[in-house]
Amino acid sequence: MSIKRAKISAVGHYLPEYRLTNFELEKMVDTNDEWIRTRTGISERRILKDPDKATAFMGAEAAKEALEEASVDPLEIDLVVLATVTPDYLFPATACLVQEMIGAKNAFAFDLSAACSGFLYALSTGASFIEAGNAKKVLVIGADKMSSILDYTDRNTCILFGDGAGAVILEESDDDTGIINSIHHTEGDTNCSLYQHAGGSLNPATAETVAARQHYITQDGRAVFKKATMGMADVSLEIMKKNNLTADDVDWLVPHQANLRIIEATANRMGVTSDKVMININKYGNTTAGTIPLCLYDWKNKLNKGDNLVLAAFGGGFTWGATYVKWSM
Ligand code: ACO
C-alpha cells in the first residue's frame, strides 16, 4: 500500500496597510528605536486599524489569495483549520466565519489554539487528514490580530507583536516532495509566564477584570526568551536527526519570528548560515500564528522544487515543534 503524503500547493497572505514604527511607539511608551531593534530585531509592525475587521477577515483574504494561486474552487476544499489566539469571538470558531466568507461550503472547519506554534500544529493536523484519505484539499490558515490583546501602555509586550495572516493549500503529493514529518512538544505553563488572564471560563469578563487590564497579554519576557531559545533550537536539531539531515542538506530554516536573537541562536545550533534563514521580523514583528506562512509567502519565488525546509516554532502553552518539508512547487 502506498503512503499518501500532503504537499503545499499554494501560499497566500494578508497584511494590514498601517505600519506602526518604533518611532511611533517611542511616543506611546518609555522605549526607543535602538533598544527595540537591538533586543528584538523589529523596526515596524502592521496594525489592522479598521474596527469592523478582525482575524477572520485577514484569514479569509489570505485564503482567497492561496485559492486563486492554486486555481482551486472554494467548493473543492474539504477542511479549513485556522490557528489563532485572537479569534473574532470565543465561539463560534473563526474558521467557521472564514468558511462562509470564502464560500467553502463543502468544508468543515475548526480553530486550533497553540499560540506561536499554532500554524505548525495546524499544518500537521491538515496533513494528517490527507494522509489518512479523509480529505483531498485542506486550507491551513495562521491568523492573529495581536493588536486586539496588546496593552499599549506596557512596553514589555506592545513592542513585540503585529497583525497579519498567511494561508496554505494542502493537496495530495504525487511524488516524493511534501510534508515529510513533524515533531511537536507541549509543557503546560501553569506558572502563566505568557498568558491572557481574563476572558476565559476561569476569570470571565467583569468590570473589575477590565479595570485591572487583565484582557491583555502578560508575559515574563526573560523566562519565555530562555525557554524559546532552548526549545526552538533543540527541536530543530531533533527534526534534522530524525531525517538524517546535515546543515548542508537544509536549504531553508523557516523560523517563527519572535525575536531575532532566538532565530540566530537556532540557526547557529543547527549550523545553518544566515543566507539560508527566512527573516522578516524587522517588517512585521511577531504575528503569532501568521509568522511562518508569511515567511513562506515572502520567499516563495526563491524556493525550488525539492528544497529542504525546516519549519520551527515556540510559543505560549508552552508549545513548540518543527516540520520537515520538501518543497513541491
Ligand atoms: N524599551 C526599553 N527598555 C525596555 C523595554 C522596552 N520596550 N522592555 C523592557 N525594557 C527594559 C527592562 O525594564 C529592563 O530594565 P532593567 O534592567 O532596568 O530592569 C531591561 O530593558 C532589560 O530587560 P529584559 O527583559 O532583560 O530584556 P531582554 O533582553 O530579555 O529583552 C524581550 C526583552 C525582548 C521581551 C525578550 O525577553 C524576548 O524577546 N522574550 C521572548 C518573548 C516573546 O517573544 N514572547 C512572544 C511569544 S512567545 C514566542 O513567540 C517565542
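Helices (H or I, at least four residues) and strands (E, at least two) are DSSP runs, numbered from the N terminus. By that count the chain holds 10 helices and 13 strands. The model is predicted, so local features need pLDDT of at least 70 and side-chain atom pairs count only at pLDDT 80 or more, while totals for chains, interfaces and linings use all residues. Residues are numbered from 1 along each chain as its sequence is written, and side-chain values use heavy atoms, with hydrogens and water left out.

Begin with the overall form. The C-alpha atoms fill a box of roughly 60 × 45 × 35 Å along the principal axes. The radius of gyration is taken over C-alpha atoms, and the globule rule is 2.2 Å times the number of residues to the power 0.38. For 329 residues a compact globule would come near 20 Å, and the 19 Å of the chain agrees with this. Of the 329 residues, 54% are buried; buried means under 20% relative accessible area, exposed over 50%, and partly exposed in between (1.4 Å probe, protein chains only). Contact means heavy atoms within 4.5 Å. Among contacts with a separation of 6 or more, 77% join residues 24 or more positions apart.

Next comes a sheet. Strands of a sheet pair through backbone hydrogen bonds, either parallel or antiparallel. Two strands count as paired if DSSP finds at least two bridges between them. The sheet described here is open, has 4 strands in the order 8-13-12-11, and shows mixed pairing. Strand 8 (178–186) and strand 11 (252–255) are at the edges with a single partner strand each, so one side of each has no neighbour in the sheet. On average, neighbouring strands of this sheet are turned by 15° against each other, direction ignored. Strand 11 pairs with strand 12 (residues 308–315) in the parallel sense over 4 bridges. Within strand 12, Leu 311 is the bridge partner of Val 254.

Helices pack on this sheet. Helix 5 (residues 118–131) touches strand 8, strand 12 and strand 13 (319–326), and its direction makes about 130° with that of strand 8. Helix 10 (residues 291–299) lies across strand 11 and strand 12, at about 140° to strand 11. For these angles, axes are lines fitted to C-alpha atoms, for helices over the stretch in contact, and angles run from 0 to 180 degrees between N-to-C directions.

Two further helices can be followed along their length. The expected span of a helix is 1.5 Å times one less than its number of residues. Helix 7 (residues 221–242) has 22 residues and reaches 31 Å from its first C-alpha to its last, close to the expected 32 Å. Its buried residues include Val 224, Met 232 and Ile 239. Helix 3 (residues 55–70) has 16 residues and reaches 23 Å, close to the expected 22 Å. The buried residues of helix 3 pack against strand 1 (6–14), helix 4 (94–102), strand 6 (137–145) and strand 7 (163–172).

Some backbone details remain. Asn 244 follows helix 7 with a positive phi near 50°, although Asn 244 is not a glycine. Asn 244 is exposed, at 66% relative accessibility. Thr 288, in the loop between helix 9 (281–284) and helix 10, has a positive phi near 55°, but Thr 288 is buried at 2%. The peptide bond from Gly 317 to Phe 318 is cis, with omega near -5°, and Phe 318 lies in the loop between strand 12 and strand 13.
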